[in-house]
Amino acid sequence: MNVKKKNIIIGLLVLTGLMVYLFFFGKLFSFSPIIIGFEKHELTNTIVYTQRGMSFSNYEKIDTLIPVVEKFHDLKYLKKPEIFLFVDSIGYMRRSLSKARFWTLFFNSRIFGSPWALKDARSGRISLEIYLKHELSHSLLHQQSCPIRARKYPKWLMEGIAVYSSNQMGTSVYPDKSETYRLIQAGNFMPPDYFRTTKEEKMRLELENRATFIYSEFACIVDYLITTYGKNKFLTYMKILTKNNDHDTIFKQVFGIDFDKFLIDFKEYVVNNENPAKRNRTAPN
Ligand SMILES: [Zn+2]
């Protein structure tokens, strides 16, 4: 064997070793078809993977969330959502593509839960049920799209639907509807199109918790759309966007109003609304 051939073989072996490491223990873990270091619990509606060494017993509770999420969205999961729960922080940071408490991968609709999220759930700081319903909403919408469209789904709407459908406003650190309205009345507003773009950071907001206000603001927009135009129209809009990313055109087609004009109407409504708690909110179901 000449030196050149030997170097190619060594190179290929190193590359294979690196790929195996990345898929099993590194940043490609969320894409990995083979899962190592986790116990698999296949339930009626979900598959939950718990990291080895973790004590967890709420599997049945998680499984009951699926029909609730499907009912709100009027959609069915095309495959059982896969939920990965971690107990080891270093392992999570090594494998996870996000530092968030929970997150969902648009590519394959898998859900990941951090060790600190589970700790917060155990101590009662957050509701595991609400946070999972939030992620399950993302997972369900991702499953209805191809990866390219899932990635391009309007991010503000994706979060607004998740917060609204999981009843997250007013829980944990998320302001409720009244408080969100009050903060908008005080001059805070994140234009939906700015969300997760460079423009988002440049937007000045006078807030203690900027991120949760933005999520609640988007949920309030979803709430306003549903109460103003009806849930059926809202679901039509939500579903078309899983197949077609031309948001502003679809918005105009479904609601008969330009998105920009609608946002002006929404802000005007909020500013003139003294006590939003008085306005009956359509409870998600
Ligand atoms: Zn989310």
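**Legends to close-up views of the predicted model**

**Figure 1. Overall view of the protein.** In the protein, 67% of the contacts with a separation of 6 or more are between residues 24 or more positions apart. The model shown here and in the following figures is predicted. The protein contains 13 helices and five strands. Of its 285 residues, 32% are buried. Taken along the principal axes, the box filled by the C-alpha atoms is roughly 80 × 45 × 35 Å.

Figure 2. Strands of a sheet pair through backbone hydrogen bonds, and the pairing is either parallel or antiparallel.

**Figure 3. The antiparallel pair of β1 and β2.** Strand β1 pairs with strand β2 (residues 47-51) in the antiparallel sense, and five bridges link the two. Within this pair, Glu-39 has Thr-50 in β2 as its bridge partner.

**Figure 4. The parallel pairs on either side of β3.** Strands β2 and β3 run parallel and are joined by four bridges. Here Tyr-49 stands opposite Phe-84 in β3. Strand β3 (residues 82-85) also pairs with strand β5 (residues 111-113), in the parallel sense and over three bridges. In this second pair, Ile-83 is placed opposite Ile-111 of β5.

**Figure 5. The crossing of helices α5 and α7.** Two packed helices are described by the angle between their axes and by the distance between the axes. For α5 and helix α7 (residues 155-165), the axes come within 8 Å and cross at roughly 135°. Helix α5 is therefore oblique to α7. The crossing of these two helices is right-handed. On the α5 side, the contact is made by Lys-133, His-134, Ser-137, His-138 and Leu-141. On the α7 side, Met-158, Ile-161, Ala-162, Val-163 and Ser-165 take part. The residues of this contact of α5 with α7 comprise five nonpolar, four polar and one charged.

**Figure 6. The packing of helices α8 and α10.** Helix α8 (residues 177-185) packs against helix α10 (residues 210-229) at an angle of about 105°, and their axes are 10 Å apart. Because angles of 65 to 115 degrees count as roughly perpendicular, α8 is described as roughly perpendicular to α10. Helix α8 contributes Lys-177, Thr-180, Leu-183 and Ile-184 to the contact. These residues meet Phe-213, Ser-216, Glu-217, Cys-220 and Asp-223 in α10. By type, the residues of the contact of α8 with α10 are four nonpolar, two polar and three charged.

Methods
Residues numbered from 1 in each chain as written. Predicted model: local features only at pLDDT ≥ 70, side-chain atom pairs only at ≥ 80, totals over all residues. Axes fitted to C-alpha atoms, helices over the stretch in contact; angles between N-to-C directions. Parallel < 35°, antiparallel > 145°, perpendicular 65-115°, else oblique. Contact = placed C-beta atoms within 7 Å. Nonpolar A, V, L, I, M, F, W, Y, C, P; charged D, E, K, R; others polar. Buried ≥ 20, exposed ≤ 12 C-beta atoms within 10 Å, placed from the backbone. Pairing = 2+ DSSP bridges. Left-handed = near helix turned anticlockwise from the far one by under 90°.
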